[in-house]
2 protein chains.
Amino acid sequence: MSVSILGTYHSKVGKLEDKTIYELLAEAGRGALADAGVTGKEIDAVFVGNFAGGQFNRQEHIAPYAIEIDKDLRFKPCVRVENACASGSTAVAQAVNAIEAGKAETVLVIGVEKMTSLKTSGVTGVLATASYYPVEGEQGYTFPGLYAEFAKGYMAKYGYRVEELYDTLGLISCKAHKNAMSNPLAHMHVEYSHEFTSTVSEKNPIIADPLKLTDCSLVSDGAAAIVVTKTEKAKALKDKVVEISDIVQASDYLSIVEGKRSNYELTAAKYAINKALGNTKLTIDDIDVAEVHDCFTITELLIYEALGLAPEGRGRDALLNGDVYQGGRLPINLSGGLKAKGHPVGATGVSMHVLIARQLMGEAIGLQAKAAETGLTLNIGGSGATNIVSILKRLK
Amino acid sequence: MSVSILGTYHSKVGKLEDKTIYELLAEAGRGALADAGVTGKEIDAVFVGNFAGGQFNRQEHIAPYAIEIDKDLRFKPCVRVENACASGSTAVAQAVNAIEAGKAETVLVIGVEKMTSLKTSGVTGVLATASYYPVEGEQGYTFPGLYAEFAKGYMAKYGYRVEELYDTLGLISCKAHKNAMSNPLAHMHVEYSHEFTSTVSEKNPIIADPLKLTDCSLVSDGAAAIVVTKTEKAKALKDKVVEISDIVQASDYLSIVEGKRSNYELTAAKYAINKALGNTKLTIDDIDVAEVHDCFTITELLIYEALGLAPEGRGRDALLNGDVYQGGRLPINLSGGLKAKGHPVGATGVSMHVLIARQLMGEAIGLQAKAAETGLTLNIGGSGATNIVSILKRLK
């Protein structure tokens with residue numbers, strides 16, 4: 001059984017003061033149905049990826065709200081899945097399973113998060129509940145603090161000096177903001193100089209040593225949706241078809257500070273990448289474009305190494321030799337990524353699938369990768385505990 | 001593809017002051033693995049049903065914690081699903097999909113909730129986030145209040161007098177408490193007279209008119225787990241095998257007070273029941289035992305009618321003629337149900353699967369249904385928005 005994408009939708013990402021979580025969910029769902037050219041009648045199930053609607057919006061149990069998208073969704077199964085910032089890709093994976101199990105032919109997947117309902121301190125507190133709370137959140141760790149553990153672990157492992165780290169992470173931040181300038185849906189449209197992003201300053205303070213403000217992704221509202229169906233059906237209905245060739249999830253210990261897993265590499269992300277490439281009989285050089293989980297710039301650096309774009313400890317090379325820029329070996333986060341496109345957490349994984357599908361169709365939202373036929377998404381939850389990789393391929 | 005239950009575990013239900021959500025999850029997972037006779041090595045995926053760990057325990061993203069059960073679960077996909085009080089059955093359904101899709105052979109499903117971390121008012125507030133919050137929870141509706149809407153709707157529709165309602169609901173409450181006396185894991189071991197449960201009194205006050213204290217299920221901590229696998233594998237490994245012949249989910253509009261769906265019947269539950277019976281070519285008379293969602297006594301009354309045990313408006317008949325008692329046509333909630341066994345919300349659906357599997361194996365936890373070969377579970381989320389029915393069948 002092969003599953004393909006029949007339709008996509010991506011909302012504006014940002015502080016969307018006039019939109020509730022309900023409106024964002026419905027906008028994305030309706031948008032994807034319209035793009036797919038189907039109605040609720042043809043949808044057999046709905047999966048909603050949402051991280052913390054209960055805490056952000058006092059709304060758990062949001063999946064059945066999808067019936068408001070189209071009354072013909074009534075009596076269909078509506079399911080919410082949650083895996084922190086990887087909730088969206090987790091929803092896509094369950095949708096693929098439902099089709100491959102023969103339980104559904106066509107499925108609507110929506111990722112949504114409305115974060116700006118709370119002030120920054122409140123958001124930080126909610127995000128901390130994606131950590132292993134008794135050992136991390138409750139002890140004062142924030143997510144910048146948890147990823148700072150990786151930055152410190154990386155420096156210690158490879159004898160990296162802090163100036164070198166600032167320089168490298170500054171390049172990643174610059175790239176994100178530059179790419180986002182072309183993405184009309186991005187949260188931030190501001191270009192930064194490398195001097196600014198690589199230097200601690202009043203306007204670029206340390207958030208969690210050694211991570212600075214320009215190393216951290218944004219608190220955003222947003223939603224994205226895809227309609228997936230059997231590939232044979234997609235081929236019959238559409239001129240351009242992108243298949244989800246494989247989707248692999250690998251989980252790891254919840255906590256980074258407990259020391260049960262590496263603090264200088266994304267071990268389970270690497271595992272998932274290698275498994276997905278193996279399953280699809282591809283190498284990293286077959287991948288033409290990728291959207292990966294740059295919740296912090298250090299995360300993107302570790303992902304270069306997990307992808308095999310550079311040797312361990314040399315992720316910086318992928319920047320210096322231009323690999324990860326538009327026109328390079330493997331353009332990464334042409335959308336601006338979580339750093340500049342924004343990171344409405346439950347939406348992010350679905351957003352990545354929309355962005356790569358549109359790249360492969362030659363209809364990029366923002367910068368377009370040249371002649372891209374095969375793409376990859378990597379969505380991470382927590383400090384690396386949940387990792388989901390999809391390989392997408394243009395079939396026609 | 002056919003999926004069967006390889007192992008089960010059910011924790012004590014109650015105010016478990018000495019157990020955290022982590023300990024409950026691990027206890028249930030380890031218990032089910034031991035009962036199945038497998039280790040983490042043989043488990044291909046883990047699904048966790050949990051309603052509101054973020055709000056009750058400051059822990060979203062709890063699924064990867066499952067790796068603590070057995071380190072060989074590392075790198076396997078761990079997924080949390082949430083559908084209010086039907087989170088547990090939703091997790092079972094995704095596990096079945098994963099196996100039927102060929103993505104997994106053997107899967108661990110855990111349902112868990114730790115509710116007594118908050119005081120009653122806090123719990124009521126969290127539960128309200130399973131309603132359609134802007135229209136219900138935020139307007140002061142509690143879950144007793146939402147199900148009181150059904151009680152009022154039922155009285156209005158069928159010209160039921162309040163004394164008649166009290167009398168009927170009192171019988172359901174008595175049955176639950178009597179059954180729970182035999183269940184060593186039940187939250188409450190207290191028998192009530194019908195006079196007590198059918199009468200408003202100081203000790204049995206109105207909670208949400210016309211529902212009294214004895215009409216409401218309990219706030220509980222607890223966990224349950226099952227290991228599911230391909231039926232052929234279960235048959236090879238076990239002397240007694242219970243198959244999940246079908247699992248059907250039907251969603252409905254989130255809100256009951258908005259009036260978009262019936263307030264005198266559980267329309268989508270009925271739909272799911274009929275679909276599951278149709279898919280398995282069974283009638284209600286083929287079902288020997290059932291665990292159904294008696295979050296309130298009025299819910300169980302409506303379920304009698306949704307099951308077709310009694311005509312619409314005459315659910316009371318199923319009590320008067322003894323149908324739903326031990327030894328009757330279809331014994332319902334021999335465990336004591338949510339009313340007396342307890343209702344740790346995310347665990348409840350998995351608990352139901354454990355209880356029915358054990359009934360069909362002749363190893364009931366508590367009262368045993370005689371010669372039971374086929375059983376049914378009905379798990380409901382919110383005020384009837386999520387509805388999941390499983391048909392379980394003893395194969396050998």
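Trainee: Which residue of β8(B) stands opposite B:I5?
Mentor: Keep in mind that this is a predicted model, where local features need pLDDT of at least 70, side-chain atom pairs count only at pLDDT 80 or more, and totals for chains, interfaces and linings use all residues. Residues are numbered from 1 along each chain as its sequence is written, while chains are lettered from A and ligands numbered from 1 in the order in which they are written. Now, strand β1 (residues 3-10) of chain B pairs with β8(B) in the antiparallel sense over 3 bridges, and two strands pair if DSSP finds at least two bridges between them. In β8(B), the residue opposite B:I5 is B:V242.

Trainee: Okay, and what is the bridge partner of B:V242 in β11(B)?
Mentor: Look at strand β11 (residues 386-394) of chain B, which runs antiparallel to β8(B) and is joined to it by 9 bridges. Strands here are DSSP runs of E with at least two residues, helices are runs of H or I with at least four, and both are numbered from the N terminus. On β11(B), the partner of B:V242 is B:R394.

Trainee: How many residues of β8(B) are buried?
Mentor: A residue is buried if 20 or more other C-beta atoms lie within 10 Å of its own, exposed if 12 or fewer, and partly exposed in between, with C-beta atoms placed from the backbone. Strand β8 of chain B covers residues 242-251 and is mostly covered. The buried count is 10 of its 10 residues.

Trainee: Is B:K103 buried or exposed?
Mentor: You'll find B:K103 in the loop between α3 (87-100) and β4 (106-114) of chain B. It touches A:N97 and B:A98, leaving out residues up to four places away in sequence; touching means C-beta atoms, placed from the backbone, within 7 Å. Because B:K103 has 20 C-beta neighbours inside 10 Å, it counts as buried.

Trainee: Which residue of β3(B) stands opposite A:R80?
Mentor: Here we cross between chains, where the contact takes 47 residues from chain A and 47 residues from chain B. On the chain A side, β3 (78-82) is one of the elements that supply at least two residues each. β3(A) is joined by 3 bridges to strand β3 (residues 78-82) of chain B, and the two run antiparallel. Opposite A:R80 stands B:E82.

Trainee: Where does α13(A) bend?
Mentor: Helix α13 of chain A has 16 residues, 345-360, and reaches 24 Å from first C-alpha to last, close to the 22 Å expected at 1.5 Å a residue (that is, 1.5 Å times one less than the number of residues). It's mostly covered, with 16 of its 16 residues buried. A bend is the angle between axes fitted to the seven residues ending at a residue and the seven starting there. For α13(A) the bend is about 25 degrees, and it falls at A:S351.

Trainee: Last one: what pLDDT does chain A average?
Mentor: pLDDT is the predictor's confidence in each residue, from 0 to 100. In chain A, 100% of the residues score at least 70. The complex gets an ipTM of 0.98 and a pTM of 0.98 from the predictor. Chain A averages a pLDDT of 98.

Conventions. Two residues are in contact if their C-beta atoms, placed from the backbone, lie within 7 Å.
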